[in-house]
Amino acid sequence: MLHKEYILLLGADQYLRERAFSGAKRATDIPVWAATEDAVRKLNRTFDNMLSADPRDAESLLSAIRAYSAQGWHPRVVVPLNDWTVDSANAVNRALGLGGLDADTVTNARNKYDMKQALVAAGVLTPRSRLVESEEELLEAVEAIGLPVVVKPYDFGGSGGVVLATTREEAVAGLAASKAVIAQYGSAFNILGDKYLVEQCVDSDDEVSVEVLCGAGRAEVLAVTEKYLSPRPWFAEVAHLVPSHRTGDAELTALAVRACAALGIDRGLAHVEIKFDADGTAWVIEVAARPGGDGIMDQVERAYGINPYWLHVGSYLGNDLLDVVAAAEPVRTSAIAFLKAEPGRIEEVLDGKPLPLEVRSINISAKPGDLSQAAKNWSTREGLIELEWDELFGEKTWLPVTTAKELSDQIFMIGAGETVGE
Ligand SMILES: Nc1ncnc2c1ncn2[C@@H]1O[C@H](COP(=O)(O)OP(=O)(O)OP(=O)(O)O)[C@@H](O)[C@H]1O
Ligand SMILES: [Mg+2]
């Protein structure tokens with residue numbers, strides 16, 4: 001039987017990951033497939049084919065892949081695009097002898113406690129942390145680490161259940177709030193959420209994420225993204241801007257590269273989150289072994305004129321694109337900012353007014369009747385805007401946040417009277 005090959009993208013068939021298909025097409029001319037649990041009811045025609053399989057589950061993927069193998073179709077490599085598929089994609093790659101990330105690397109990238117140990121072992125500065133399950137362990141950890149602390153699930157994302165505590169009481173309430181977030185979303189994201197991290201708090205809102213293309217023995221920084229956070233005690237991401245004014249900071253980019261090496265990431269794009277304390281010292285908050293989410297890749301593409309998914313998929317295919325990354329220069333600024341209604345019941349959504357010239361796209365997800373809560377994590381957003389400027393900013397600009405706030409106030413009419421609990 002004829003041996004026919006395809007590349008399988010996992011997590012690519014989701015909102016704000018659409019450009020992954022185009023990037024994969026640039027990286028290879030073989031068919032680009034995706035996977036979804038029910039490919040009959042959820043067929044996405046962008047892809048050349050879809051497997052009926054749970055993209056987060058290696059066994060489910062392997063059985064769908066084997067069914068096609070019987071017809072002569074074989075995956076050349078499986079590429080993860082989000083946190084929920086890093087494990088499954090690489091488990092399939094290893095099972096089929098297609099390469100992929102080492103199993104320990106995957107564990108370190110998905111379990112924030114193991115990640116911290118790997119970073120510390122490599123001498124990468126990261127907040128001290130302890131793993132806890134009960135309130136008693138939590139209070140012991142608070143004692144050992146010292147207030148303020150950050151409490152978070154050890155295996156979730158999207159800032160879900162990440163909360164600041166400045167007192168013992170807030171730590172106890174924070175752990176309960178974090179557990180409530182996991183009770184609501186844990187099964188949908190296929191995570192355990194059975195343990196929580198108590199971390200030393202890097203007390204500032206100065207934060208970036210760094211996209212690093214990793215290779216065996218060499219890695220190059222593609223872009224530094226400036227991150228904007230919600231008011232405390234939560235850490236919801238409210239905007240991302242590329243390129244950050246810190247893009248040329250060699251110490252920062254070297255730290256991001258060292259963090260990837262510490263975890264043993266040797267292929268694909270990695271997303272490194274770094275926070276600066278009051279002295280300007282850079283601390284690694286976390287490292288993800290996949291391209292950044294939240295539409296950051298689309299901002300990188302506009303700012304640099306390079307589709308980052310081309311690099312990610314190309315790297316999984318064994319193409320050396322590190323020199324492309326080393327030569328990349330930003331040509332404009334691009335940002336994504338999330339729309340946020342004031343807390344309360346949304347009575348009306350007034351869209352259709354002329355938008356500022358720099359607004360390149362708007363997507364409103366909230367409907368009349370929805371309840372808006374204060375920004376907590378990805379789930380409390382009412383939509384997004386993307387913005388573009390021809391200039392490169394020399395210092396932090398608040399334009400993404402102020403524009404999103406002005407538009408949110410114009411668009412979302414909140415009813416009087418109803419109060420919303422936290
Ligand atoms: N130890 C810490 N000190 C200060 N801020 C922290 C700390 N840990 C987390 N944060 C803040 O909370 C945010 C979310 O935390 P973290 O990245 O660990 O969780 P996450 O759910 O994986 O986030 P996301 O998926 O949004 O990147 C960070 O980007 C940072 O702003
Ligand atoms: Mg994070």
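This is a predicted model: local features need pLDDT of at least 70, side-chain atom pairs count only at pLDDT 80 or more; totals for chains, interfaces and linings use all residues.

Now widen the view to the core. Val212 is among the residues with the most contacts inside the largest nonpolar core, together with Leu9 and Cys260. That core has 117 residues. Helix α8, residues 250-263, gives the most to it, with 7 residues. At least three core residues come from domain 1 (4-100), and at least three from domain 2 (128-200). The centres of these two domains, taken over C-alpha atoms, are 33 Å apart. As a general point, nonpolar side chains tend to be buried together in soluble globular proteins.

Next, take Met115. Met115 sits in helix α5, which covers residues 112-121. Is Met115 buried or exposed? Met115 has 26 C-beta neighbours inside 10 Å, so it counts as buried; the cut-off for buried is 20 or more. Leaving out residues up to four places away in sequence, Met115 touches Asn108, Ala109, Leu263, Glu286 and Val287. Ile285 lies 170 residues from Met115 along the chain, yet their C-alpha atoms are separated by 9.8 Å.

Then move to helix α12, residues 399-411. Check its length first. Its 13 residues should span 18 Å at 1.5 Å a residue, and the end C-alpha atoms are 18 Å apart, so the two agree. The buried residues of α12 are Pro400, Ala404, Leu407, Ser408 and Ile411. Seen down the helix axis, these buried residues fall within an arc of 105°, so they line one face of α12. The face of α12 turned away from the buried side carries exposed residues: Thr402, Glu406 and Gln410.

Last, the whole chain. Its secondary structure comes to 12 helices and 19 strands. Of its 422 residues, 49% count as buried. Among contacts with a separation of 6 or more, 66% join residues 24 or more positions apart. The C-alpha atoms fill a box of roughly 70 × 55 × 45 Å along the principal axes. For 422 residues, a compact globule would have a radius of gyration near 22 Å; the chain has 21 Å, which agrees.

Definitions and conventions:
Residues are numbered from 1 along each chain as its sequence is written. Chains are lettered from A and ligands numbered from 1 in the order in which they are written. Helices (H or I, at least four residues) and strands (E, at least two) are DSSP runs, numbered from the N terminus. The expected span of a helix is 1.5 Å times one less than its number of residues. A residue is buried if 20 or more other C-beta atoms lie within 10 Å of its own, exposed if 12 or fewer, and partly exposed in between; C-beta atoms are placed from the backbone. The arc is that of the directions from the helix axis to the C-beta atoms. The radius of gyration is taken over C-alpha atoms; the globule rule is 2.2 Å times the number of residues to the power 0.38. Two residues are in contact if their C-beta atoms, placed from the backbone, lie within 7 Å. A nonpolar core is a set of buried Ala, Val, Leu, Ile, Met, Phe, Trp, Tyr and Cys residues joined through C-beta atoms within 7 Å. Domain bounds come from an automatic or database domain assignment.
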